[in-house]
Number of protein chains: 2
Amino acid sequence: MADGKEYFVGVDLGGTKILAAVFSPALKCLGKSKRSTKAERGAQAVIDRIARCVSDAVDECDLDLKLCRGVGIGAPGAVDFEAGKVVFAPNLDWKDLPLKKELEKRLEVPVFLDNDCNVCSLGVYEKELGAKPASMVGMFIGTGIGGGLVLEGKPYSGMSHTAGEIGHMVVQVDGPKCGCGRKGCLEAVASRTAMFKRLQTAVKDGEKTELTDIVGEDLSDLKSSHLRKALKRGDKLVKRTIEDAARYIGIGAANLINILNPEYVVLGGGVIDALEDEMFGAIVESAREHTFPGADRGLKIVASKLGDDAGITGAAVLARRCAK
Amino acid sequence: MADGKEYFVGVDLGGTKILAAVFSPALKCLGKSKRSTKAERGAQAVIDRIARCVSDAVDECDLDLKLCRGVGIGAPGAVDFEAGKVVFAPNLDWKDLPLKKELEKRLEVPVFLDNDCNVCSLGVYEKELGAKPASMVGMFIGTGIGGGLVLEGKPYSGMSHTAGEIGHMVVQVDGPKCGCGRKGCLEAVASRTAMFKRLQTAVKDGEKTELTDIVGEDLSDLKSSHLRKALKRGDKLVKRTIEDAARYIGIGAANLINILNPEYVVLGGGVIDALEDEMFGAIVESAREHTFPGADRGLKIVASKLGDDAGITGAAVLARRCAK
């Protein structure tokens, strides 16, 4: 580029870890860095850690931060894109934090901030789908469930930038209680948290499962990979739990398809990364079954292959879109 | 206008009646006409009736069809806007009907076709909201439940023009059976059909209601106005039925708010027209209660005052937008 500023940095800020990566304008990853978040040390300490993580990634590629055109960040929670503020991030215990300003002070590079699921969707849309489809709905299944929309070829985030809260769409009126305080949200029946809670309750109620053999009686250190292991041993409780979650995710997808008639639905997030083989088929089946006739004509439902890279890639795309 | 063609016609094609109206470019209604649909006589007969209804409305205003810039039509079902075809309209028993072409042959005026709920939303958006909000979700509650979206100031209809099928969003997994064949759709728990079915079942099960006094034992000729009458007499079954439907509609609205973060949610349709006083407050309360914190900041939930005119007005807006 004319001014010699030729790369972008994408940051994925999570509750437990920070990932930063340097990308070429063509979205080739040139180098990465990782650091724990340490949210308990307070916001200023976390912002320092983000800045250091960015510097480390840049240093890793033998580049100079002065040649960075922009840093994009995906943050977990409600984000005010225009103001560059994290409005509310329960995992970090942040409220109304001017992250853009604080980071620009430290890095002396333009910083752009968005919600993590919007950012992941943007990454999938540009890197995996080549920015070609007119519309895409991203569904990210992990500890919680979040989403991001691309409509008419552009990220869509609504009036106050909160669109895509698909995890809090009610699919089961008066269903299980959700972390948000309401009942029957998709997140309360189909997230990793929901699946683990159901398994823990079942074990307390005396149901048998291979999981107790794998991680111990109280299932407190459960991971998605353990579910896969138990499935391989023919565990019926785990099978049922995963199948039900997949069915619910498919119903959530169908609701989005019925409402938005998108060209693509892309599934991602930790649960899909870990259990794609076990869940994807059932999700698609349930989605097609619950879609209004005609609304899925030409629709493609795919699983993202970006895995952990969705956040950093999307954040770099955000910087590429926004940096002058 | 320069070529002297200075008015638009809007047509609301329903399963039982056809409404046509003439509008000035400023959307002043100049005259109307109404005719029964007589779907049982077959498609060609219905198209003839639409053409006659349009001619009658134009004649009513002492105008000449040659001076009409365009005719817009809202049709009940799946519509291929580009091809000008009604893809599927179960109420009319139509499949792949080239309505635009057939009507243009008869009227010799450009005809533009869209789904009835999209058209109603467009009418509300331009006539009632002055085309000002960046985004609006229209929810129309009648025999069924349909919706229409306006996003970034433009009607949004998705990849194959089926977006807005909000009545078939599942809100109660394994809930009551829906006309679409699936279970727990919003339409299956909150449409007029769903309310009437619940009341009829309750009466069969021996529950007491004023309705049997008002319309007779089998409740086969039930209308929304009867529910209002029964409510005024303090009917508890009717009260509970209406309250539950309102709660579900509010949950449906909240899902749309969580997903799309719109500036406006507009409620319309026969049920709202007839029972606004009884339902609107409960719908808003339920919507706010089920909305993710922050997603309803600045949101306005309103009831449309257009009533039966939403369809013809929106159809005229469609013609005004599309006619050269």
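In this predicted model, 39 residues of chain B are in contact with 39 residues of chain A. The two chains are superposed by a rotation of 180° with 0.0 Å of shift along its axis, and within chain A the helices H7 and H8 come within 8 Å of each other along their axes.

**The side of chain B that touches chain A**

- Strand E6 (85-89) and helix H8 (236-260) of chain B each supply at least two residues of the side that touches chain A, and the largest share of that side, seven residues, comes from H8(B).
- Sorted by class, this side of chain B holds 22 nonpolar residues, together with 13 polar and four charged ones.

**How the two copies are related**

- Chain B is brought onto chain A by a rotation of 180° with 0.0 Å of shift along the axis, and the RMSD of the superposition is 0.0 Å, which means that the relation is that of a two-fold axis.
- The same surface serves both copies, since 100% of the contact residues of chain B recur in chain A.

**Packing of H7 against H8 in chain A**

- The axes of H7(A), residues 224-232, and H8(A), residues 236-260, cross at roughly 125°, and H7(A) is therefore oblique to H8(A).
- H7(A) passes H8(A) in a left-handed crossing.
- On the H7(A) side the contact is made by Leu227(A), Ala230(A) and Leu231(A), which meet Val238(A), Lys239(A) and Ile242(A) in H8(A); the residues of this contact divide into five nonpolar, no polar and one charged.

Note on methods. Residues are numbered from 1 along each chain as its sequence is written. Chains are lettered from A and ligands numbered from 1 in the order in which they are written. This is a predicted model: local features need pLDDT of at least 70, side-chain atom pairs count only at pLDDT 80 or more; totals for chains, interfaces and linings use all residues. Two residues are in contact if their C-beta atoms, placed from the backbone, lie within 7 Å. Helices (H or I, at least four residues) and strands (E, at least two) are DSSP runs, numbered from the N terminus. Ala, Val, Leu, Ile, Met, Phe, Trp, Tyr, Cys and Pro count as nonpolar, Asp, Glu, Lys and Arg as charged, and the others, Gly among them, as polar. Axes are lines fitted to C-alpha atoms, for helices over the stretch in contact, and angles run from 0 to 180 degrees between N-to-C directions. Angles under 35 degrees count as roughly parallel, over 145 as roughly antiparallel, 65 to 115 as roughly perpendicular and the rest as oblique. A crossing is left-handed if the near helix is turned anticlockwise from the far one by less than a right angle, and right-handed if clockwise. Copies are superposed by least squares on the C-alpha atoms of residues with pLDDT of at least 70 in both.
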